[in-house]
Every structure is written in C-alpha cells, then in structure tokens.
Amino acid sequence: MEANTAAKTLNFFYLLKLQQILPSLLTSLRVIIMPHIFFFFNQGFTLTVYTLFLVAIGTDFLDGLLARKLRVTSKYGAYFDTTVDFIFVVSFFSLFINLGIYPNWILMLISVTFFQFIISNLFLKKTIYDPVGKIYGSLLFAGIGITLLFDSQIAHNFVTYGILTSTLASITSRILYLLAS
C-alpha cells in the first residue's frame, strides 16, 4: 500500500512539474522545428515547409494559452517566448534576404523593435503589455507565411510595406506608453 501511495505522490509531482514547464517546452519546439523548415525549404519540399511552419505558429499560440490556463505565466516565460519569436522571425527574414527577396534594412527594423521592447521593459522593471507589439509579432509571422506561399513581387512589396508601417506603429505605441508613465 505504501509503494502505491509513493508512486501516486511521485506521479503527482511529475505531472505538476510537467504542467509548469509545458509552455516553455512548446516554445522550445519552434527552435527545434526551424532548422527542419530550412532544410526542407532548400530541398524544395513545399508542403512539408508549410506544415512545419503551421506547427511552429501553433506552438506560439498554444504556449501562451496554456501558460494562462495552467496559471504558470512568468516574466521568464514571456521573455523566453519573445526571444524565440525574435530568433524565428530573424532567421526567416535572413533567409529571405539571402535569397534577394527583401532588403537588408528589414532586419534592422525588426531588431530595433525587439530591442526597444526589451530595453523599455528593463527600464520600467516590469513587463509592459503592448497590444500593438503583440499584433506586430503576428504580422511578422504572417509576413513569413505570405512570403512562403506567394513568390511574387506584389506579395513581397505588401510584406515590406506592412513591416515598415507596423514597425512605426509599434515603436510609436511604446514611446507614447513610456511618455504617459
């Protein structure tokens, strides 16, 4: 009987620990999936690339949802998710720049926006909920998806202007928030 109780206790603590790290594990999957997407992209396996990209996007949606539902949100988790998103986006746009699809300055805009997020959060010593910043990240993922789906100059121009205007909106939103604080 004692062995059964001990096993149940260990199982409970295992499930509790798994519950606490599950959102971060899902976030980590994006990093693991990324090189596979690039490999299949270079091999011309378009359907596999689309599928893996959708799985990666799904983990981005699911990690935050689970963290809130399981009540295991943390400052570390928020920074980890944002950093992985940044690595994911920068990696894709670096690939697209190397292929001649986008100009180099696109990476500068994305990087400036990410660093202003980190610096302003550190400056205020709290995580700022910025709905424009949340939308910005979603638009960058959408830009990757559009680029993967549509190999046309019209689509590439649309993404370029979308990144330019959403970057300006995100930076302006953050500055206005900081001025109001």
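In helix α6, the buried residues are Ala-155, His-156, Val-159, Thr-160, Ile-163, Ser-166, Thr-167, Ser-170 and Arg-174. Buried here means under 20% relative accessible area, exposed means over 50%, and partly exposed lies in between, with a 1.4 Å probe and protein chains only. An α-helix has 3.6 residues a turn, so residues three or four places apart point the same way. The 28 residues of α6 reach 40 Å from the first C-alpha to the last, close to the 40 Å expected at 1.5 Å a residue. The expected span is 1.5 Å times one less than the number of residues in the helix.

The structure is a predicted model, in which local features need pLDDT of at least 70 and side-chain atom pairs count only at pLDDT 80 or more, while totals for chains, interfaces and linings use all residues. Residues are numbered from 1 along each chain as its sequence is written, and side-chain values use heavy atoms, with hydrogens and water left out.

The chain contains six helices and zero strands, in the order α-α-α-α-α-α along the sequence. Helices (H or I, at least four residues) and strands (E, at least two) are DSSP runs numbered from the N terminus. Of the 181 residues in the chain, 33% are buried. Among contacts between residues at least 6 apart in sequence, 77% join residues at least 24 apart, a contact being heavy atoms within 4.5 Å.

Helix α2 has 24 residues, which at 1.5 Å a residue should span 34 Å, and its end C-alpha atoms are 34 Å apart, in agreement. Its buried residues are Val-49, Leu-52, Phe-53, Ala-56, Thr-59, Asp-60, Asp-63, Gly-64 and Ala-67. After α2 comes Arg-71, with a positive phi near 60°. Helix α3 (residues 75-98) also has 24 residues, and the separation of its end C-alpha atoms, 34 Å, agrees with the 34 Å it should span at 1.5 Å a residue. Gly-100, which follows α3, has a positive phi near 80°.

Ala-56 of α2 has a relative accessibility of 0% and therefore counts as buried. Apart from neighbours within four places in sequence, Ala-56 is in contact with Arg-30, Ile-33 and Phe-88. The C-alpha atoms of Ala-56 and Leu-26 are 8.9 Å apart, although the two residues are 30 apart in sequence. In helix α5, Gly-137 counts as partly exposed because its relative accessibility is 23%. A distance of 8.6 Å separates the C-alpha atoms of Gly-137 and Val-89, which are 48 residues apart along the chain.

Four salt bridges are found in a search of the whole structure, a salt bridge being a side-chain nitrogen of Lys or Arg within 4 Å of a carboxyl oxygen of Asp or Glu. Arg-30 forms a salt bridge with Asp-63, with the closest N and O atoms 3.3 Å apart. Arg-30 is in helix α1 and Asp-63 in helix α2, so this pair ties together parts 33 residues apart in sequence. Asp-63 is buried, as is Arg-30, whose relative accessible area is 0%.

Arg-30 also forms a salt bridge with Asp-81, at 2.5 Å between the closest N and O atoms. This pair links distant parts of the chain, Arg-30 in α1 and Asp-81 in α3, 51 residues apart. Asp-81 is buried, with a relative accessible area of 15%. For the salt bridge between Arg-30 and Asp-85, the closest N and O atoms are 2.9 Å apart. With Arg-30 in α1 and Asp-85 in α3, the pair ties together parts that are 55 residues apart in sequence. Arg-30 and Asp-85 are both buried. A network of salt bridges links Arg-30, Asp-60, Asp-63, Asp-81 and Asp-85.

The largest pocket has a volume of about 1100 Å³. On a 1 Å grid over the protein atoms alone, a pocket is an open set of points where a 1.4 Å probe fits, with protein on both sides within 12 Å along at least five of seven lines, and lining residues have an atom within 4 Å of a point. Grid points are joined across faces, edges and corners, and the volume is the space filled by probe spheres set on the points. The lining of the largest pocket consists of 41 residues, with Ala-78, Asp-81, Thr-82, Asp-85 and Lys-134 nearest the centre. At least two lining residues come from each of α1 (2-43), α2 (46-69), α3, α4 (105-124), α5 (131-149) and α6 (153-180). By type, the lining residues are 18 nonpolar, 15 polar and eight charged. Ala, Val, Leu, Ile, Met, Phe, Trp, Tyr, Cys and Pro count as nonpolar, Asp, Glu, Lys and Arg as charged, and the others, Gly among them, as polar.
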